[in-house]
Amino acid sequence: MQIGMVGLGKMGGNMAERLRRGGHEVVGYDRDPGLSDAGSLKELVERLQKPRAVWVMVPAGKPTQQTIDDLGELLDEGDIVIDGGNSHYVDDQKHAAELSQKGIGFVDCGVSGGVWGLQNGYALMCGGAQEAVQRLMPIFETLKPEGEDGFVHAGDVGAGHFAKMVHNGIEYGMMQAFAEGWELLEASDVVKDVRGCFSSWRTGTVIRSWLLDLLVRALDDDEHLEQLRGYAQDSGEGRWTVQAAVDHAVPLPVITAALYSRFASRQDDSPAMKVVAALRNQFGGHAITSAEGSVGKGADSPGADVTPLRD
Ligand SMILES: O=C(O)[C@H](O)[C@@H](O)[C@H](O)[C@H](O)COP(=O)(O)O
């Protein structure tokens, strides 16, 4: 079928390519004229036959809001907008309501698979009316991985992005568990071949997984990750997962700790630990480390030879 794709970055561009390889006609628009088929969003809309389907694959937040607002002006009754970005599910209801005033349909679609999706297919989690999702099935069929899994019509508008949000929360927790296991193995000298250990776990173990495969791939490039700084950003899905957990009073200790570990990774020094160190020094005379890095003697401190267990 024919579809418009707005946003031709590393996700949208590869998805457009997978759709073309699958026999669909894709008209793409990107702010970068070097990537774009259409000169403007208006031209993209004009080049599509009614009823149109336009897939929005731009960063969540303002860029998505702006694109959906513009499409609301340009599209007509019977057309459908699909938001495939990592949008917050609460925005979906708003977008659907705004577009429905003109009779334009809206489907939210969480997309997983990253830069590997072109080759492996994209796992899709959709939310929206049955009729709209049904009409888009030829597109979903081409984008998704081969086989029975990799696609779910999760519920009404918002359900797709809610499912993707929870998926990403799980992703945070799984990555953190691999990360902590790796740090412990590297810190002890009991296991001599840490990379080999992870590599061996790819077959037969309970924790074999794609994330484990990717970790081994990273360790193959840089065995002790010496080229990297221990610094991790986040794009919002982990925060929204934790916020939703608070709203529903659901305990998420693992995902929350994984999110907070990323926040901690961005601090060169820990303000909170300054308070802990200051208080230990105040009440117990325990050793403190000065801002310059020298270890101060505390009442019960043996001096500068601080071990991991005692100060
Ligand atoms: O399933 C996926 O393909 C990924 O989850 C994808 O959506 C992306 O890599 C995340 O947005 C990264 O999220 P953070 O920046 O929050 O780690």
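Let me start at A123. A123 is partly exposed, because its relative accessible area is 25%, and the cut-off for buried is under 20%. Keep in mind that this is a predicted model. A123 lies in strand β6. What does A123 touch, leaving aside neighbours within four places in sequence? The contacts are G110, V111, S112, P145 and G150.

Now go from A123 to K164. The two are 41 residues apart in sequence. In space, their C-alpha atoms are 9.7 Å apart.

K164 carries an annotation. UniProt marks K164 as "active site", and the entry is unreviewed. So is K164 buried or exposed? K164 counts as buried, because its relative accessibility is 4%. Its place is in helix α8. Not counting residues up to four places away in sequence, K164 touches N86, G110, V111, S112, M125 and E237. Look at G110, V111 and S112 again: they are in contact with A123, and K164 touches them too.

One pairing in detail. Strand β1, residues 2-6, pairs with β3 in the parallel sense, over 3 bridges. Within that pairing, M5 has W55 of β3 as its bridge partner. Hold on to W55; we come back to that residue.

On to the rings. How many aromatic pairs does a search of the whole structure find? It finds 6. W55 and F140 form one of the pairs, edge-to-face, at 6.0 Å centre to centre and 75° between the planes. This pair links distant parts of the chain. W55 is in strand β3, residues 53-56, and F140 is in helix α7, residues 137-143. The separation is 85 residues. W55 counts as buried, because its relative accessibility is 0%. F140 counts as buried at 1%.

A second pair is Y89 with F162. This one is edge-to-face as well, at 4.7 Å centre to centre, with 80° between the planes. Y89 lies in helix α4, residues 89-100, and F162 in helix α8, residues 159-187. So the pair ties together parts that are 73 residues apart in sequence. Y89 counts as buried, because its relative accessibility is 16%. F162 counts as partly exposed, because its value is 29%.

Back to W55, as promised. Ring pairs link W55, F140 and F151 into a cluster.

Last item: a charge over a ring. Where does the charged end of R262 sit? It sits over the ring of Y172, 3.6 Å from the ring centre.

Notes: Residues are numbered from 1 along each chain as its sequence is written. This is a predicted model: local features need pLDDT of at least 70, side-chain atom pairs count only at pLDDT 80 or more; totals for chains, interfaces and linings use all residues. Side-chain values use heavy atoms; hydrogens and water are left out. Rings of Phe, Tyr and Trp (its six-membered ring) pair if their centres lie within 6.5 Å; planes under 30 degrees apart count as stacked, over 60 as edge-to-face and the rest as tilted. Helices (H or I, at least four residues) and strands (E, at least two) are DSSP runs, numbered from the N terminus. Buried means under 20% relative accessible area, exposed over 50%, partly exposed in between (1.4 Å probe, protein chains only). A charge sits over a ring if NZ of Lys or CZ of Arg is within 6 Å of the ring centre and within 35 degrees of the ring normal. UniProt positions are given in the numbering used here, feature names are shortened, and annotations may be inferred rather than shown by experiment. Contact means heavy atoms within 4.5 Å. Two strands pair if DSSP finds at least two bridges between them.
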